[in-house]
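Subject: Structure for your review

Dear colleague,

Please find below the structure that I am handing over to you.

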Amino acid sequence: MDEPDISEDFSPLNPKIVLGIAAHPDDLDYAAAGTMAKFAGTGAEIHYLIITDGSKGSDDLHISEADLIKMREDEQRAAVQILGGKGVTFLGYPDGELEVTMKLKKDIVRVIRTIKPDVVITLDPTLVYSVERGFINHPDHRAAGQAALDAIFPLARDHLTFPDLYAEGFEPHKTAIVLLSNFGAGNYFVDITDTFETKMAALKAHESQIPDVDGTRVWMETVARKNGELCDYELAESFMRINVRG
Ligand SMILES: [Zn+2]
């Protein structure tokens, strides 16, 4: 992996339009709800794009897929509202089966060209597993992050890519900044000391996913403090930041 380029401008961001792109309802709130709330608080429009329907995320043997999909969409809408966001788009791909296809990339390009974000926050597709943290990254997370990056560059940028979209009025768009979350340390930190409680309220909205709110709070606070020690904030979210020049 390249060493972070210290000549880069990594000064704090003040975006106008932020698009979060992730696989499941709740991914973005674990990764970035503190950052989303902070950006919303300084006037940014916040949009979420959730690619799958979340239809596998339940231990309840009696719940139907249709009920779970509806519940998780409602939970995600509530969470976005709590952190001051504007709206959520659901693409409805089946949970657990996500593949990086041109169809998926085109669906993401359509949303990027509609929302026209200056900052996209998505999941780091290079994270396959972590021995230290003892987990295998969900394949949907990797596919979502990869498709999002491909959609940002070069597919959303070029009018000759997906000419049918251009003909329908979806103008090309360049996203200036990408923030990738791998739920660990990156090269860019956002101070979430003042928005940590909002992050927890947003996570709490995902009732079907978070049976142990207190345990989740301890986990989130531990991660945020650890990030904070690396950057002199009390509580922080961490990202790999790419200033896209192309
Ligand atoms: Zn997920």
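**Strand pairings around E9**

Leucine 179 has arginine 241, in strand E9, opposite it. This contact belongs to a predicted model, as does everything else reported here. Strand E7 covers residues 177-181 and strand E9 residues 236-243; the two run antiparallel and are joined by four bridges. Strand E9 also pairs with strand E8, residues 188-191, in the antiparallel sense and again over four bridges. In that pairing, tyrosine 188 stands opposite phenylalanine 239 of E9.

**The parallel part of the sheet**

Strand E1 (residues 17-22) pairs with E2 in the parallel sense, and six bridges connect them. Alanine 22 lies opposite isoleucine 50 of E2. Strand E2, residues 45-52, is in turn paired with strand E3, residues 87-93; this pairing is parallel and has five bridges. Within it, leucine 49 has threonine 89 of E3 as its bridge partner.

Which order do the strands take in the open sheet? The order is E3-E2-E1-E4-E7-E9-E8, which gives seven strands with mixed pairing. E3 and E8 are the edge strands, each of them pairing on one side only. From one strand to the next, the twist averages 25°.

Helix H1 packs on this sheet and touches E1, E2, strand E4 (119-123), E7, E8 and E9; the direction of H1 makes about 175° with that of E1. Helix H3 lies across E1, E2 and E3, and runs at about 165° to E1.

**Packing of H3 and H4**

Two packed helices are described by the angle between their axes and by the distance between those axes. For helix H3 (residues 102-115) and helix H4 (residues 139-155), the angle is about 60° and the axes are 9 Å apart. The crossing of H3 and H4 is right-handed. On the H3 side, the residues that meet H4 are Leu104, Lys105, Ile108, Val109 and Ile112. Their counterparts in H4 are Ala147, Ala148, Asp150, Ala151, Ile152 and Leu155.

**Glycine 41**

Glycine 41 is located in helix H1, which spans residues 27-41. Is glycine 41 buried, exposed or partly exposed? Glycine 41 has 13 other C-beta atoms within 10 Å and is therefore partly exposed. Apart from its neighbours within four places in sequence, glycine 41 is in contact with Gly84 and Thr195. Glycine 85 is 44 residues away from glycine 41 along the chain, and the C-alpha atoms of these two glycines are separated by 9.6 Å.

**Overall dimensions**

The protein chain contains seven helices and nine strands. Its radius of gyration is 17 Å, close to the 18 Å that the globule rule gives for 246 residues, so the chain is as compact as a globular protein of that length. Taken along the principal axes, the C-alpha atoms fill a box of roughly 50 × 50 × 35 Å. Of the 246 residues, 43% count as buried. Among contacts between residues at least 6 apart in sequence, 80% join residues at least 24 apart.

With kind regards

Terms used:
Residues numbered from 1 in each chain as written. Predicted model: local features only at pLDDT ≥ 70, side-chain atom pairs only at ≥ 80, totals over all residues. Pairing = 2+ DSSP bridges. Rg over C-alpha atoms; globule rule 2.2 N^0.38 Å. Buried ≥ 20, exposed ≤ 12 C-beta atoms within 10 Å, placed from the backbone. Contact = placed C-beta atoms within 7 Å. Axes fitted to C-alpha atoms, helices over the stretch in contact; angles between N-to-C directions. Left-handed = near helix turned anticlockwise from the far one by under 90°.
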